[in-house]
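Take a look at the chain below.

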Amino acid sequence: PPTSVRPTTMFASFIRKAIRSSTAAASCNAQQFRSISITPALLEKLNVQGLADKVNLEGQNVLMRVDLNVPLSKDDDVTVTDDTRLQAIAPTAKFLLEKGANVILCSHFGRPKGEIIETGKNGRLNPVVDPLKNILGVDVKKVNDCMGEEVEAAAKSLTKGEVLLLENTRFYKGETKNDATLAAGLGSLADYFVMDAFGTAHRAHSSTAGVTDYMKLSAAGFLLDKELKYLKGAVDKPNRPLCAIIGGAKVSTKLPVIESLLEKCDTILLGGGMIFTFYKALGYDIGKSMLEEEYVELAGKLMKMAEEKGVKLILPPDVILADKFAEDATTAIAKASEISGDWMGLDVGPETLEIFKEEIGKSNTIVFNGPMGVFEMKPFACGTITVAELMAEATDRGATTIVGGGDSVAAVNQAGLGDRVSHISTGGGASLELLEGKELPGVAALSEA
């Protein structure tokens, strides 16, 4: 290895011990910050509270688009093993029920691609019926379709404060194509629509966007409203300084986000496999590290843009190297400019984490999207876990901290810190597109406030 490479044996325990000591000092004040709220961007869309203020919902049918994609037991393919997404719909559903509305729940389940599949992760929604009954505290009736005469009859028979669950919307191929027939079929079941599935809000589907054409009013549920307030508020009207921590393997998915954030952030910290495309743009040898050659030029342009705009775009000065992509790999630490041979970078190094600690410590709004390394493998998890701990420490001192994107959410939960950040986003692609500044079809279709 190059001369600057040194063994990593004591690195992880040293750096995390230092982080924990500062975190512990702040944790005694954690509870006073738990209820902190950010200054959201002015939202122009109607939310469910606004809907209830405008309309007497007693006895009215409300179609509620939710995300019921829960994991099922591999043993029987019917037992729900994690009801987090079911619990997440409860605040909006219970609010509507308290107003006397009938709630008609609508969701896709997996990717059946237009086929009717009886069981499993792409099948019928039968496995969620009993868990929903327990969570909502009311009976949940289910029909075996999501449109048609039988479904319309079931919807018309609802009286007051009842719940009806429709079948998997993706049993229809037209769902993902925003088919007007399916949208009209769903629209015939209710006069009002509530969108509470943020994870699908970036898709223009029949049940997320098209259906609103057949409704008197369409509103955001509490879950969607919270996502918009945190994610849009964080980047559009942040409590500065605003720091974004962007990681992940593929630079191709993150470059549009970085470009958009250059217009909004004070500091952007980069990590993950995508950093090697930036190193290549600087002329560094990156060994066998991950590279998307076609994006090298654009990465160089973004670094120049950051410099011109006065935004601190910080690349890790050191990395954890491995001689193979495996948990039992031989590892070493190297300066980013001195990687060579068959070595590959799989995590950020200790000098990087000291810089990240300083930058995060100075920021009042912090967005974390994407892991710093291959956190699924213990030798390369330190960077991601340390950033998660720094996020928790920032929350404890009163900063607004937001975790968005599937892998970074998994990492924060793996570290046991999910309850020590201000907000964990429920949407992967939707979170990214919102941070990019894109309009989400499922939000754009809602009624004005």
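## The whole protein

This is a predicted model. The protein has 449 residues, and 57% of them count as buried. Its secondary structure comes to 16 helices and 15 strands.

The accessible surface comes to about 18,900 Å². Carbon and sulfur atoms hold 49% of that surface.

## Val62 in strand β1

Find Val62 in strand β1, which covers residues 61-65. Is Val62 buried or exposed? Its relative accessible area is 0%. Buried means under 20%, so Val62 is buried.

Which residues is Val62 in contact with, leaving aside neighbours within four places in sequence? They are Leu57, Leu96, Ala101, Asn102, Val103, Ile104, Ala190, Tyr192 and Val194. Take Val103 from that list. Val62 and Val103 are 41 residues apart in sequence. In space, their C-alpha atoms are 5.2 Å apart.

## Helix α7

Helix α7 spans residues 180-187. Its buried residues are Leu182, Ala183, Gly185, Leu186 and Gly187. An α-helix has 3.6 residues a turn, so residues three or four places apart point the same way.

What covers the buried residues of α7? The cover includes strand β1 and β2, the latter at residues 102-106. Strand β1 is also where Val62 is found.

Asp179 caps the N-terminal end of α7. One of its side-chain oxygens lies 3.3 Å from the backbone nitrogen of Thr181.

Technical notes
Residues numbered from 1 in each chain as written. Predicted model: local features only at pLDDT ≥ 70, side-chain atom pairs only at ≥ 80, totals over all residues. Heavy atoms only, no water. Helix = DSSP H or I, 4+ residues; strand = E, 2+ residues; numbered from the N terminus. Buried < 20%, exposed > 50% of the residue type's maximum accessible area, 1.4 Å probe, protein only. Contact = heavy atoms within 4.5 Å. Areas by Shrake-Rupley, 256 points an atom, 1.4 Å probe, with all protein chains shown as cover. Polar contact = N/O pair within 3.5 Å; in protein donor to acceptor, adjacent residues only side chain to side chain.
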